[in-house]
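Subject: Structure for you, with notes on side-chain pairs

Hi,

Here is the model I promised to pass on. Have a look at it first, and then read my notes below.

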Amino acid sequence: MKIILTDDVIGLGDIGETVSVKPGYARNFLIPRGLAVESMTASARRSEHLLRQIEAKRKRMKGVAQDKARG
């Protein structure tokens with residue numbers, strides 16, 4: 001099953017990546033916890049919107065990390 005990660009998942013991938021996992025892992029763990037969404041079921045418009053949101057979250061996280069690094 002192909003999914004798009006909506007958050008970083010240790011050992012699986014980073015936010016915004018499309019990865020392939022076993023269906024049970026996706027349906028029972030990742031999707032209910034909001035860590036991923038199915039890439040095949042989303043319409044084109046919805047997935048484009050989702051990818052924009054993920055990219056914005058990635059930029060925010062990077063900015064926060066850079067601010068913490070500066071002290």
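First, a term you'll meet throughout: a residue is called buried under 20% relative accessible area, exposed over 50%, and partly exposed in between (1.4 Å probe, protein chains only).

Before the rest, some housekeeping. This is a predicted model, in which local features need pLDDT of at least 70 and side-chain atom pairs count only at pLDDT 80 or more, while totals for chains, interfaces and linings use all residues. Residues are numbered from 1 along each chain as its sequence is written, and side-chain values use heavy atoms, with hydrogens and water left out.

Now the charged pairs. There are three salt bridges in the structure (a side-chain nitrogen of Lys or Arg within 4 Å of a carboxyl oxygen of Asp or Glu). Helices and strands here are DSSP runs numbered from the N terminus (helices: H or I, at least four residues; strands: E, at least two).

Asp 67 has Arg 70 as its salt-bridge partner, with 3.4 Å between the closest N and O atoms. The two sit three residues apart in helix H2, so about one helical turn separates them. Arg 70 is exposed, at 67% relative accessibility.

Glu 55 and Arg 58 make another salt bridge, at 3.3 Å between the closest N and O atoms. They also lie in helix H2, three residues apart, about one turn of the helix. Glu 55 is partly exposed at 34%, and Arg 58 is partly exposed at 34% too.

Which parts does the Lys 57 and Asp 7 pair tie together? This salt bridge (3.9 Å, N to O) links helix H2 (residues 44–70), where Lys 57 lies, to the loop between strand E1 (2–5) and strand E2 (18–20), which holds Asp 7, so it ties together parts that are 50 residues apart in sequence. Lys 57 is partly exposed at 27% relative accessibility, and Asp 7 is partly exposed at 25%.

Finally, the rings. The structure holds one aromatic pair: Tyr 25 and Phe 29 are stacked, at 5.6 Å centre to centre with 5° between the planes. For reference, rings of Phe, Tyr and Trp (its six-membered ring) pair if their centres lie within 6.5 Å, and planes under 30 degrees apart count as stacked, over 60 as edge-to-face and the rest as tilted. Tyr 25 and Phe 29 are four residues apart in helix H1 (residues 23–30), so about one helical turn lies between them. Tyr 25 is partly exposed at 35%, and Phe 29 is partly exposed at 32%.

Cheers
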